[in-house]
Amino acid sequence: MTMLRWQSFALQVIWAASILAFTDTSTESKEPSNAPYHCWASAWVRAPDMVPGDIIAGDIRIKLIGPCTDAESYVLGLRYKEKIFWKLRRQDAPIPKRPEIKYNSTDSNSDLFQVRKPVQTPYYNETEWITYQNSVQSKDLWSVHEEERIAFEIKTPLVGAEGAERLTTSFTTRFGILVPNTNYPPGLDYRHGIRRLHSQGDTDMIHSELIYEYFVEITFGNGTISEIPAGITAFTPLYLSTLNDMPSGNVSLVPTDFSRNSKPVVDVLRSNYTVELSFPNRVYRNSSVNITATVHRMGYTNRTDTPMQLCAFLNGRNINQWQPQELKNRSHIFKQVTRALVPSLQYSSTISPPFNPHPCGEISFAAAPADVTREGHISSSSSEPLSLSIHVSHDAVPDFSTYYQKLGHGLDLTLHVKPDLSEPWERDFEKTQWEKQTAEMDETDFDWVPWLPLIQTRRQYLTGNVGLSFISMQNQRPVQTTPVHYLSNEARQPAFVDVSDIADLRSMTTEERDLLAPIAQPSIKVFEGGRGFPDFYFDRMKQPIYVGDTWLNKVLSVTSRGQSERDVLNRLLLVQ
C-alpha cells in the first residue's frame, strides 16, 4: 500500500511540477527514458511575455533529486512551434447514410414494479450497416495529413563544461532574451479549452495548435541529453495605430436555421433587413466600445412585420479561416474556441468588465402613414440609430495570420422581429404548440387563461455576422518602427543575451538591437497520412505552467514595498 501511495504521488508531481524521471544510460538520446535511473529533475522558468523590439529578463530554477552524479551541464532553451492535423472525407466519396438503430423496449414509466433489463438489444439492417462501416473505414476515401512547423529554437548554456566539478542539484540563475522587432503570433491558452478532440469515425476533423515553450537540456556523462519542460510563455504582437481600420458597413440578415434536416422556409413576400454599423477607429482588448447601429427594412407596405430588438455579441470562434490550400473550402467547420494566454488577473478588481455579455437595444421605427400601409407597394424605411456597448475581454485573441490559420473574431447580430401573421412558421414544434393551444378556443377565451396567444408572442430571429478587428493595448508603449511579420523573409528570431548586457542593450535603438538577432530559419516536418491519432501539445494529462503567471506573482510581491497593485497590473496589461 505504501508503494502504491508513493507511485500515485510521484505521478501527480510529474504533471504538476514539470518533473521528469530518467531511467537508462546505455545510448545517446534526447528521450527522457535514457538517463540515470531514479534521477529526478524539474525545471521552472518565470518570465514576462515577449514583445517586439524588447529585452526581457527572467529566472530559471533547476532541481535534481536522487543519484544524478554524472549530470555535466544545463542548457536553457526556448522554441516556438505550431502544428496542424486534418482528417477529411473526399468530396467525391460521400459517406452513406448511417443506418437507423432501434431498441426493443417495452418498459413503461407507469409501472410501479417494472424491472429494466441491464442491456437492450439493438435492431438494425446488417447489410446497410456493413456497407456504412466499410465506407467509413476505407482510408483511401479520406485525406489525413499532419505537419509541424518550428519557427525558432534557441539555446544558451547555463553551467557545466568539460572538467567541471559536480553540478549543484539546486541551481537558480537569471537570463535575458533579445526580442527582435518581429511580430510573432499571440500565445493561445489551450489548457482549459480544447485539449484533445475525439472525432467520430464518420466525421471530418481539423485541429491546429501553437506553443511557446521553455525547456532545459541536461547532459550526462555518457552523452545522453534529456529535455525537461520548464513552462510555456506567450508573445504579444504590436501594431502601429492607423485611422479608419474599422469603416462603417452593412450586414445582411437572414432567418436563423433551426432545423438541420429540413429545408429553410422561403417566403418571397418577407421583408429584407440590413444593419448599418459604425465602429470607432480602433478597438482594443480589455476595453468597451460603443457601436452605432441603424436597422434598414425593405419590403411591402402592407406587411405588418415589426423589428423589436437588436442584440450583438462577440462570438468565441477565433479562427476565421484555415491557411492550407486543402482547407480553403472547409473554413466553415471546426472553428476553434480559445483565449489568449495572459497573466491570471481574474482576482483583481482593476480589470473587471461590466456584466453585459449580450447587449441589446430596442428598435424605434417611425410609423408609416395609414393610407400607405393599405397598399402593396415596396418601400424602404430606417430605424433611429441605436448604440450598443461591446466589451472586449483582456484575454480575447487579437487579429493575426499564422502559418496554418487566420485568427480573428466576429460580431454576431440577432434581430428580433414580430412576423407578419401571414408568414409561414419556421419551426414545426411552435406551429404544433399553437394548434394544440387554440384547438378548442376562440379569441374571447384568452381572457380566461393566464397566457397570451402564441401568435402574439411569436418571434422571428434574423442573424448576421461581421468581422471585428481589435488589437492589444499599447498606448503607453509606442512602437518606433513597424514590426515585420514572422512569415516574411526579413523575420528575425529571439536570442539569449547575458543579463549583464541588458542595460546596454536597452540603451540602443530598436534598429541597432534588431541587427543582433539572427534571421529566422524555420523548419517543417510533414507526416502524410498522419501518425494515428495526433499527439497534441495540450491534453487533459499535460497541464504546463504558464511562466507569465509565476512572473506576475514575483512582481506583485513588490506591492508590499510601496507600489500599489493597480500600478503594477496596469504596467503588466500594457501590452496584454
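**Notes on the predicted model**

1. Of the 576 residues in the protein chain, 44% are buried; buried means under 20% relative accessible area, exposed means over 50%, and partly exposed lies in between (1.4 Å probe, protein chains only). The model is predicted: local features need pLDDT of at least 70, side-chain atom pairs count only at pLDDT 80 or more, and totals for chains, interfaces and linings use all residues. Residues are numbered from 1 along each chain as its sequence is written, and side-chain values use heavy atoms, with hydrogens and water left out.

2. The secondary structure of the protein chain consists of 9 helices and 29 strands. These elements are DSSP runs numbered from the N terminus, helices (H or I) having at least four residues and strands (E) at least two. Among the contacts in the protein chain with a separation of 6 or more, 81% join residues 24 or more positions apart; a contact means heavy atoms within 4.5 Å.

3. The accessible surface of the protein chain amounts to about 31,300 Å², and 52% of this belongs to carbon and sulfur atoms. Such areas come from the Shrake-Rupley method with a 1.4 Å probe, and for residues only the protein chains shown count as cover.

4. The largest nonpolar core contains 54 residues, and Val45, Phe175, Tyr184, Tyr214 and Ile218 have the most contacts inside it. A nonpolar core is a set of buried Ala, Val, Leu, Ile, Met, Phe, Trp, Tyr and Cys residues joined through side-chain atoms within 4.5 Å. At least two residues of this core come from each of β2 (39–46), β3 (55–65), β4 (71–89), β7 (142–159), β8 (170–178), β11 (205–220) and β12 (225–233). The largest share, 7 residues, is supplied by β11. Another core, of 26 residues, lies apart from this one and includes Leu277, Ala293, Val295 and Leu413.

5. Which residues does Phe175 contact, leaving aside its neighbours within four places in sequence? The contacts of Phe175 include Val45, Ile56, Leu76 and Tyr214, and also Phe496, Val497 and Val499.

6. A pair of aromatic rings is described by the distance of the centres and the angle of the planes. Rings of Phe, Tyr and Trp (its six-membered ring) pair if their centres lie within 6.5 Å; planes under 30 degrees apart count as stacked, over 60 as edge-to-face and the rest as tilted. By this rule there are 15 aromatic pairs. In one of them, Tyr80 and Tyr184 have ring centres 6.4 Å apart and planes at 70 degrees, so the pair is edge-to-face. Tyr80 belongs to strand β4 and Tyr184 to the loop between β9 (182–183) and β10 (188–189), so this pair ties together parts that are 104 residues apart in sequence. Tyr80 is buried at a relative accessible area of 0%, and Tyr184 is buried at 1%.

7. Tyr184 also pairs with Phe152: the ring centres are 5.3 Å apart and the planes stand at 85 degrees, so this pair is edge-to-face. Phe152 lies in strand β7 and Tyr184 in the loop between β9 and β10, so the pair ties together parts that are 32 residues apart in sequence. Ring pairs join Tyr80, Phe152, Tyr184, Tyr212, Phe235, Phe400 and Tyr486 into a cluster.

8. A salt bridge is a side-chain nitrogen of Lys or Arg within 4 Å of a carboxyl oxygen of Asp or Glu, and the count by this rule is 14. Glu153 forms one with Arg79, their closest N and O atoms being 2.8 Å apart. Glu153 lies in strand β7 and Arg79 in strand β4, so the pair ties together parts that are 74 residues apart in sequence. Is Arg79 buried or exposed? Arg79 is buried, with a relative accessible area of 7%, whereas Glu153 is partly exposed at 34%. A network of salt bridges links Arg79, Lys81, Glu153, Lys155, Glu213, Glu217 and Glu227.

9. Two further salt bridges may be set side by side. Arg297 and Asp305 meet at 3.2 Å, N to O; Arg297 is buried at 9% relative accessible area, and Asp305 is buried at 6%. Asp92 and Arg90 meet at 2.9 Å, N to O; Asp92 is exposed at 57%, and Arg90 is partly exposed at 36%.
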